[in-house]
Amino acid sequence: MSRIGVFAIIVPLMLSIGASRAADLGVMPTKAPVVEPIPALSGYLELYTGGAWNNESESDGTENSRAWVLGGAGRVNYWWSRNASVQFDVQGDGANYTGQTSGPSRFSAQSYLIAAHASWRDQRGLIGVFAGAGDASPDELMPASVRHGIGGVEGQLYWNAFTLYGQAGYDTTIGGLSSGPGTLDTVWAWFVRGTARYYATPNLRLEGTLFYANGSHDFTVGAPNVGFDTLLWRGKVEYKFDMSPFAIFGTYQGTRTSFTPERVYDHRVLAGLRIYFGDQTLRGNDTSGATLDIIESIALLTPSLN
């Protein structure tokens, strides 16, 4: 037999044996991709500044003022079980107004809040509760800086490149503000809030918010209560530098508060810096980190002081 004939017999035979051996062994499983663990502790610190323009219309005319704004916040999220997390907030804001032609020619409006959130969440969304307390400067009906408490429910839906965020709650002053007939006793408001966040990239976020509050300044016997409602609208863009803890953001915020027979508009343009810890993208922080915040309805009343 020729060499070619021998190879013609041996090679197919070896291939056949190898194929049968592979069938006996089965298909080797592939290794699952490594998933980056979610940090147990994450959050950010922020500082912002900018300008504000305030317009107040009354039955006897209008008032205009402007302000320099400075504020900041710190938020920390901690996972205490697989699907349960808590977040702690500290936030403060202040504005120094000037330019009014009646009343004080210069005044300041400050507020701060310390709060906590408890949430259950997974890759689909979040549901939770929140509560906090702080101080706010007076509007023209309040006698002095007031202590107030806030609480409510909140939820988020994570859908492709979007996060949809809803919140509802109650904000009220703590304790009687003054005594005697015809004096202000309590300020309170119910509120709802909706926010949509869109991620053009994992580190570029576009955000829009609408907020509505309805409440009252309640007086002791001898004076009628004064109701109010507040509408807030806000647009924000934030960019986090890749492989860096630093992010920058810009915000426009407008509010309209209606008393009887008064209406106050406040417009703010702000820019700020955030420092993240926990080494996540903006999208990662939104779904597994410090993703929650609080808008204080009573603090939004402070620009009206003439």
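1. Rings of Phe, Tyr and Trp (its six-membered ring) pair if their centres lie within 6.5 Å; planes under 30 degrees apart count as stacked, over 60 as edge-to-face and the rest as tilted. Nine aromatic pairs turn up in a search of the whole structure.

2. Basis of the note. This is a predicted model, where local features need pLDDT of at least 70 and side-chain atom pairs count only at pLDDT 80 or more, while totals for chains, interfaces and linings use all residues. Residues are numbered from 1 along each chain as its sequence is written, and side-chain values use heavy atoms, with hydrogens and water left out.

3. The Tyr pair. The ring centres of tyrosine 44 and tyrosine 276 are 5.3 Å apart and the planes are at 50°, so this pair is tilted. Tyrosine 44 belongs to strand β1 (residues 41-58) and tyrosine 276 to strand β12 (residues 263-277), so the pair ties together parts 232 residues apart in sequence. Strands here are DSSP runs (E, at least two residues) and helices likewise (H or I, at least four), numbered from the N terminus. Both tyrosine 44 and tyrosine 276 are buried (under 20% relative accessible area, 1.4 Å probe, protein chains only).

4. Charges over rings. The criterion is NZ of Lys or CZ of Arg within 6 Å of the ring centre and within 35 degrees of the ring normal. Arginine 274 lies over the face of tyrosine 44, 4.0 Å from the ring centre. Lysine 236 has its charged end over the ring of phenylalanine 249, at 4.5 Å from the centre.

5. Alanine 213. Strand β9 (residues 204-219) holds this residue. Alanine 213 has 0% relative accessibility, so it counts as buried. Its contacts (heavy atoms within 4.5 Å) include Trp190, Phe191, Phe228 and Ser297, leaving aside residues up to four places away in sequence. Phe191 also forms one aromatic cluster with Phe130 and Phe211.

6. Largest pocket. A pocket is an open set of points on a 1 Å grid over the protein atoms alone, with protein on both sides within 12 Å along at least five of seven lines; a cavity is a set where a 1.4 Å probe fits but cannot get out; lining residues have an atom within 4 Å of a point. The largest pocket holds about 520 Å³. Its lining has 21 residues, with Ile38, Gln280, Gly284, Thr287 and Ser288 nearest the centre. Helix α2 (residues 282-288) gives the most, three residues.

7. Cavities. There are three of 30 Å³ or more. The largest cavity holds about 730 Å³. Among its 40 lining residues, Tyr48, Asp93, Arg234, Gln253 and Ile294 are closest to the centre. Volume is the space filled by probe spheres set on the points, which are joined across faces, edges and corners.

Methods:
Buried means under 20% relative accessible area, exposed over 50%, partly exposed in between (1.4 Å probe, protein chains only).
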